[in-house]
Amino acid sequence: MEEAKGLVRHLILLKFKDGTSPAQIEQIIKNYANLVNLIEPLKSWHMGKDLSVKNLNQGFTHAFDLTFESDEGLAEYNDHPAHTELSNQSRPHLDKFVVIDYKPTAFST
């Protein structure tokens with residue numbers, strides 16, 4: 001296995017609180033997507049809504065997948081005022097969330 005040089009992925013799984021409107025969810029998503037324009041080391045941002053038919057999502061409905069150029073870039077993102085403000089605005093709408101940071105690893109057999 002070989003870790004990708006420098007790249008760091010930041011995966012967030014979200015479960016919104018009951019009563020959070022689709023419009024509020026859409027605004028939160030748009031605000032997070034805009035962070036790629038505000039935080040230099042954030043190189044890409046993708047999101048998706050759960051569509052599993054196996055019902056193993058434990059209530060998580062959305063995933064955000066962010067790519068950073070380095071560990072230092074992720075640290076800069078975590079400390080950036082725009083990220084801090086958005087996190088504080090979003091948390092009242094979240095029932096729970098999970099965050100996993102990892103270095104992509106190529107695996108061949």
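Helices (H or I, at least four residues) and strands (E, at least two) are DSSP runs, numbered from the N terminus. The expected span of a helix is 1.5 Å times one less than its number of residues. The model is predicted: local features need pLDDT of at least 70, side-chain atom pairs count only at pLDDT 80 or more, and totals for chains, interfaces and linings use all residues. Residues are numbered from 1 along each chain as its sequence is written, and side-chain values use heavy atoms, with hydrogens and water left out.

**Exercise 1.** Compare the reach of helix α1 with its expected span.

*Solution.* Step 1: α1 covers residues 22-38, which is 17 residues. Step 2: from first C-alpha to last, α1 reaches 25 Å, close to the expected 24 Å.

**Exercise 2.** Find which residues of α1 are buried (under 20% relative accessible area; exposed is over 50%, partly exposed in between; 1.4 Å probe, protein chains only), and explain how they are arranged.

*Solution.* Step 1: the buried residues are I25, I28, I29, Y32 and L35. Step 2: down the axis of α1 they fall within an arc of 95° (taken from the directions from the helix axis to the C-beta atoms), so they line one face of the helix. Step 3: the face turned away from the buried side carries the exposed residues P22, A23 and N37.

**Exercise 3.** Work out the strand order of the sheet.

*Solution.* Step 2: β3 (42-49) and β5 (94-102) are the edge strands, each pairing on one side only. Step 3: β3 pairs with β4 (residues 62-68) over seven bridges, and H46 stands opposite D65 in β4.

Notes:
Two strands pair if DSSP finds at least two bridges between them.
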